[in-house]
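Biologist: I'm new to this one. Could you walk me through how to read it, feature by feature?

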Amino acid sequence: MTVFYCAKCGTALTGDLVALPTVPDVGDPDDSRDKKTGRARSTVPHGYYAIDPEPWGAPFIPAPAPTPPARSTGRELLRLATPTPTISAGLRDSVVVHPDDVLPRLVAFTRGGNWTGCCGPTGAHGPNLACTCGSRLATWTADCLGPNELHLDPVRVYAWNLGAAAKDASHDEQRP
């Protein structure tokens with residue numbers, strides 16, 4: 001089991017979470033969309049996390065060459081149309097968690113248009129959630145036209161795996 005903490009102040013951001021081998025496929029984000037809120041089901045199930053090895057979120061840069069539109073993964077961020085195609089230049093290895101595993105412990109950071117969206121934040125303008133110490137360390141995307149997932153910044157959070165720590169400690173005790 002793994003707990004994620006704020007790297008600035010050490011506050012626990014999650015309870016115990018179980019690692020998934022990959023970020024789950026969303027398929028059609030409209031399947032099982034909540035009728036009241038318009039939100040898609042969460043990419044990651046409650047109580048789990050996954051590491052996203054691909055760049056994710058802001059900033060966005062021009063795509064290196066025009067490419068035909070790829071099949072939708074259901075995880076694309078809703079952004080304003082741009083004259084040239086763009087790709088994410090965001091951080092790799094963000095931690096994707098179920099929003100309910102983190103939201104009670106974070107504060108909305110709504111300056112600079114990073115909470116835009118008709119039914120929830122689009123997540124396209126960078127971190128929109130902060131620790132109570134003020135460190136902007138998470139981006140939640142939950143607008144009705146996009147995915148519902150929460151990414152923890154891999155630079156501003158750290159993980160502690162109690163099981164691995166206990167195993168290391170018992171291994172150290174067995175050394176002569």
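This is a predicted model: local features need pLDDT of at least 70, side-chain atom pairs count only at pLDDT 80 or more; totals for chains, interfaces and linings use all residues.

Biologist: Okay, and what is the peptide bond from alanine 58 to proline 59 like?

Modeller: That bond is cis, with omega near 0°.

Biologist: Now the sheet. How do I read the way strands pair?

Modeller: The general idea is that strands of a sheet pair through backbone hydrogen bonds, either parallel or antiparallel. Here you have an open sheet of seven strands in the order 2-3-6-10-9-8-7, and the pairing is mixed.

Biologist: Which strands stand at the edges?

Modeller: Strand 2 (18–19) and strand 7 (107–108) do. Each has a single partner strand, so one side of each has no neighbour in the sheet.

Biologist: Let me zoom in on strand 9. How many bridges join strand 9 to strand 10?

Modeller: Four, and the two strands run antiparallel. Strand 10 covers residues 149–152, and its leucine 150 stands opposite tryptophan 140. Strand 9 is also joined to strand 8 (residues 129–130), by two bridges and again antiparallel. There, alanine 130 has arginine 136 of strand 9 as its bridge partner.

Biologist: What sits between strand 8 and strand 9 in that hairpin?

Modeller: Five residues, and glycine 134 in this hairpin takes a positive phi near 105°. Aspartate 93 also has a positive phi, about 65°, although it is not a glycine. You'll find aspartate 93 in the loop between strand 5 and strand 6.

Biologist: Is strand 9 largely enclosed or open?

Modeller: Enclosed. Buried means under 20% relative accessible area, and five of the six residues of strand 9 (residues 136–141) are buried, so the rest of the structure largely encloses this strand.

Biologist: Which residues touch the most other members of the largest nonpolar core?

Modeller: Val97, Leu137, Leu150 and Leu152, out of 18 residues in that core. Strand 1, strand 6 (94–97), strand 9 and strand 10 each supply at least two of the core's residues. The largest share, three residues, comes from strand 9. Look closely at valine 97: leaving out residues up to four places away in sequence, its contacts include Leu17, Val44, Tyr49, Val102, Leu150 and Leu152.

Biologist: How should I think about charged pairs?

Modeller: Side chains of opposite charge can pair when their charged atoms come close. A search of the whole structure turns up one salt bridge. In it, the side chains of glutamate 54 and arginine 92 meet at 4.0 Å, N to O.

Biologist: Why does this pair tie together parts that are 38 residues apart in sequence?

Modeller: Because glutamate 54 lies in the loop between strand 3 (48–52) and strand 4 (60–62), while arginine 92 is in the loop between strand 5 (86–88) and strand 6. Glutamate 54 is partly exposed, at 46% relative accessible area, and arginine 92 is partly exposed too, at 48%.

Biologist: Last one: which residues make the nonpolar surface patch?

Modeller: Met1, Val18 and Tyr48 make a patch of about 260 Å². Methionine 1 sits in the segment before strand 1 (2–6). With a relative accessibility of 51%, methionine 1 counts as exposed.

Notes:
Residues are numbered from 1 along each chain as its sequence is written. Side-chain values use heavy atoms; hydrogens and water are left out. Patches are made of residues with over 30% relative accessible area and no salt bridge: like charges are joined within 9 Å, nonpolar side chains (Val, Leu, Ile, Met, Phe, Trp, Tyr) within 5 Å. Accessible areas come from the Shrake-Rupley method with a 1.4 Å probe; for residues, only the protein chains shown count as cover. Buried means under 20% relative accessible area, exposed over 50%, partly exposed in between (1.4 Å probe, protein chains only). Two strands pair if DSSP finds at least two bridges between them. A nonpolar core is a set of buried Ala, Val, Leu, Ile, Met, Phe, Trp, Tyr and Cys residues joined through side-chain atoms within 4.5 Å. Contact means heavy atoms within 4.5 Å.
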